[in-house]
Amino acid sequence: MSDPAASDYVPDYAAAMRTAIDASESARGRTSPNPPVGAVILDAAGAVVGIGSTQPPGGPHAEIMALREAGDRARGGTAVVTLEPCNHTGRTGPCAVALIDAGIAHVIHAVDDPNPVAMGGADRLRDAGVVVESGLEADAVSHGPLRAWLHKQRTGRPFVTLKYAAGLDGRSAAADGTSQWITGPDARAHVHAERAKLDAVVVGTGTVLADDPLLTARLTDGSNAARQPLRVVVGRREIPAGARIRGDDAQTAFVRSHDPLDVLAVLADHTDVLVEGGPTLAGAFLAAGVVDRIVAYIAPVVLGSGRAAVENAGVGTIADALRFSIESVQTLGTDLVVVAVPKETGVT
């Protein structure tokens with residue numbers, strides 16, 4: 001006799017999607033130019049039997065990794081994926097076909113694929129008799145791990161985050177130019193963890209000459225993270241041969257320009273870019289209208305004088321102020337990290 005309670009069981013698809021989002025986040029920074037997708041396979045009874053994320057370029061996509069873990073248990077089950085399964089053959093085959101071949105009966109994806117080359121997976125699945133649903137946890141996905149990739153698909157340029165650290169009075173350096181350390185160790189560890197997920201980190205020659213930074217992503221023990229973003233130095237001043245940024249800890253590119261659009265042209269093949277330079281570079285990117293998000297680390301200190309975190313952003317009067325919407329506020333040790341996006345759209 002069958003168990004009535006078992007027949008009434010409804011799988012928690014939202015929980016499965018949150019697991020897929022976590023898998024997607026774990027892949028962020030390792031998949032470019034491909035999107036960092038996460039996938040979960042539920043068996044016919046609704047139990048999780050496979051979890052996967054997109055592998056580095058040339059490797060399997062998230063659905064394939066999850067199907068491998070699920071094996072025969074995928075037949076008759078459900079695939080929960082952060083992005084519509086792809087419908088094209090590149091270095092790997094179409095994920096939609098792999099799901100069909102595995103006997104998946106139901107596919108739920110959060111966000112439709114906007115890429116004209118890869119889109120169409122949902123239709124291909126439906127044509128094969130698979131039940132397809134979309135939109136589950138779409139906001140969490142589009143504001144989360146897929147944000148930069150989706151932005152690149154819409155705009156054709158990298159997603160640009162401006163990051164700075166400042167005191168309560170908005171100053172990033174004291175009157176004598178010293179700036180290390182305004183924020184505490186928790187905030188600095190957070191910065192390094194985020195760097196490891198990025199494609200490129202941009203600074204100006206002024207920052208390099210003043211601070212001689214390594215600009216690498218480092219672990220809490222001081223060693224280098226396994227993956228390093230491209231270091232980009234912007235400006236025309238010469239950088240000494242012995243500067244730490246010229247070391248072999250990570251690759252470095254030099255852009256002999258002060259124009260943010262020139263920088264983004266050099267980074268056209270990149271997806272997720274962090275501007276981490278000083279106030280002049282920050283102001284230039286804001287004035288050019290190419291900042292898609294601000295991440296401000298605010299320390300409970302007052303410097304009273306010295307350089308502001310941002311200068312010359314093209315604002316001459318309060319009516320022209322660049323306005324942002326607060327997306328999140330988080331405490332990191334004694335500091336705050338405030339994330340804001342342009343107010344015109346609320347999301348980019």
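The protein contains 11 helices and 13 strands; these are DSSP runs numbered from the N terminus, with helices (H or I) of at least four residues and strands (E) of at least two. The model is predicted, so local features need pLDDT of at least 70 and side-chain atom pairs count only at pLDDT 80 or more, while totals for chains, interfaces and linings use all residues. Residues are numbered from 1 along each chain as its sequence is written, and side-chain values use heavy atoms, with hydrogens and water left out.

**Overall dimensions**

The C-alpha trace spans about 80 × 45 × 40 Å along its principal axes. For 348 residues, a compact globule would have a radius of gyration near 20 Å, and the value of 23 Å for the protein agrees with this. The radius is taken over C-alpha atoms, and the globule rule is 2.2 Å times the number of residues to the power 0.38.

**Pockets**

On a 1 Å grid over the protein atoms alone, a pocket is an open set of points where a 1.4 Å probe fits, with protein on both sides within 12 Å along at least five of seven lines; lining residues have an atom within 4 Å of a point. Grid points are joined across faces, edges and corners, and a volume is the space filled by probe spheres set on the points.

| Pocket | Volume |
|---|---|
| Largest pocket | about 1,300 Å³ |
| Second largest pocket | about 660 Å³ |

The largest pocket is lined by 48 residues, of which Ser179, Thr207, Asp211, Glu276 and Gly277 are the closest to its centre. Helix 8 gives the largest share of this lining, 6 residues. By class, the lining of the largest pocket has 23 nonpolar, 16 polar and 9 charged residues. Here Ala, Val, Leu, Ile, Met, Phe, Trp, Tyr, Cys and Pro count as nonpolar, Asp, Glu, Lys and Arg as charged, and the others, Gly among them, as polar.

The second largest pocket is lined by 37 residues, and those closest to its centre are Glu25, Arg28, Glu194, Asp272 and Arg293. Its lining divides into 14 nonpolar, 11 polar and 12 charged residues.

**Local features**

The peptide bond from serine 32 to proline 33 is cis, with omega near 10 degrees. Proline 33 belongs to the loop between helix 2 and strand 1 (38-42). Leucine 215, although not a glycine, has a positive phi of about 60 degrees, and this residue lies in the loop between helix 9 and strand 8 (230-234).

The charged end of arginine 188 sits over the ring of tryptophan 181, 4.5 Å from the ring centre; the rule asks for CZ of Arg or NZ of Lys within 6 Å of the ring centre and within 35 degrees of the ring normal.
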